[in-house]
Amino acid sequence: MTRSPNRMFDKDQFLLGTFASNCSSGMTVTKVAERWDNSWENNLKLARLLDQAGIDFMLPIARWIGYGGETNFHHNVLETITWAAGLLAHTQDITVFATIHTAANHPVVSAKQLATIDRISNGRIGLNIVAGWNKPEYEALGLTLPDKHEVRYGYAQEWFDIVKALWREEKSFDWNGTYFQLKQVLGEPKPLSPLPIINAAGSGEGRNFATRNAHFLFTPAIDLARSRDEIAQLKELGRGNGRAVDVLTFSHVVCRPSEQEAKDYLEHFGREHADWEAVDNLVRLQFAHAHSFPHDLLALIRDRMAAGHGGFPLVGTPEQVADGLIALHEAGFKGTTLSFVDYVEEFPYFRDTVLPILADKGLRREDLRVAAA
C-alpha cells in the first residue's frame, strides 16, 4: 500500500482546518439556539464538505467534563480516536487528527490505535499530543495533575518515546523508564510513514517538548506583532533542537455579505447571548493550570473566549476575512483552524467566497478541490 500525500506536509500551502467540531457548541461559548450540534451526522456532513473543498485537516478537542454555565459548555464530546477513524473511513484526502491526553491513554494502546487508523485511511491520521492541564478532568478520571510542568512534560516525553519506539523497532523490546516499565512489547502494524504531530504549549517546558517532537506548535494569535516575534523565537528553538517546526493558530469566522451583518451577529451570539458563567470557568481554569494563553493578556480576551474560545477573530465580508487570513500568513503562521457558530451552515459561504480570494493571492491552490461526490 502506498501512502497518500499528507496535506499537512504541503510546504507551499497555507494550511486550513477546523477545530472542535466533535464538541458541543464547537468553539463558541454561546446560548443561541443555532449553536453547533456535534452529532455524528453533522460531523460526517462537515467532513465531506471540507474534503470536497480541499480543506487540509480536522482537529478535535479531547474532553471528559463540561465547563458548567447554562449550556455546560463541552459537556457532550465525541471521543477523538474513534471519531477520527470514522471520518477517515468516509473521506478521501483530508487529514484528521486524534487528540490524545498522555495521562489518560497507555502508549502501547495508543500506538496500535493510531497505526490501525493510518492503515484505514491510507496515511491521513495525525496526532495531537496533550500533556495535561485541566485539573477537574484529572480528578474526574481519578488522576493527579502534577503541579510542576517539568513532570507533566517528562511523562509526555517518555510516553511519546515509547510510541515512536513501537513504530520503529522490528523486534520486541523491554522498557525501563521513569514512568513506564514494559516487557516484550512490539508495535505491529506500523504506520505507513511518519504521522504529522501537533502540540499546544505555552510554558518553557512545553515549548521545549513541542520543538523536540512536533511538526506544528499550536498557539493563539492575540497580537500579530507579538506573534511575529514569538514565531521567530519558536523556529529558532526548533533549530536549536535540530528540527524545523511550523506554527499553527486558531480562528473564529463570522463571514457575511456586509461588515455590519457580521458585527451584528457577533454581538448577538458572542456578547448578548454568551454563556458568561461558562466563559469565566474556562478563563479561570486556563489561568490556574495552563500557559496556553499569555497570562498578561488573558484578562483582555474574555470576549474572545465567548466568541471563539480565544481564537483570532475573522469577522466581516469575505474580503475582510481573507485579509485576516493573509495577515496571519504574513505574521509567520503556517496555517489556522477555523470555527463557526454552525460549521455546516456557515462553511459553504466561506468556501464559495473566501477560498477563491486566497487562491488568487497564492495562499491556497485551487487544484486541491475535488469533485463533489
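Here is the tour, from the inside out.

This is a predicted model, where local features need pLDDT of at least 70, side-chain atom pairs count only at pLDDT 80 or more, and totals for chains, interfaces and linings use all residues. Numbering runs from 1 along each chain as its sequence is written, and side-chain values use heavy atoms, with hydrogens and water left out.

**The core.** Start with Met58, Leu325, Phe350 and Leu358: they have the most contacts inside the largest nonpolar core, a set of 92 residues. (A nonpolar core joins buried Ala, Val, Leu, Ile, Met, Phe, Trp, Tyr and Cys residues through side-chain atoms within 4.5 Å; buried is under 20% relative accessible area, exposed over 50%, partly exposed in between, with a 1.4 Å probe and protein chains only.) Now colour helix H5, residues 149-168, which gives the most to this core, nine residues. Another core, of 14 residues, lies apart from it; Phe73, Ala274, Ala278 and Ile301 are among them.

**Zoom on Leu325.** Beyond its neighbours within four places in sequence, its contacts (heavy atoms within 4.5 Å) include Phe14, Leu16, Thr336 and Leu363.

**Out to Trp64.** Find this residue in the loop between strand S2 (57-59) and helix H2 (80-89); helices (H or I, at least four residues) and strands (E, at least two) are DSSP runs, numbered from the N terminus. Trp64 is partly exposed, at 39% relative accessible area.

**Last stop, a hairpin.** Select S5 (173-176) and S6 (181-185), which pair in the antiparallel sense over three bridges; pairing takes at least two DSSP bridges. Four residues link S5 to S6 in the hairpin, and Asn176 sits opposite Gln181.
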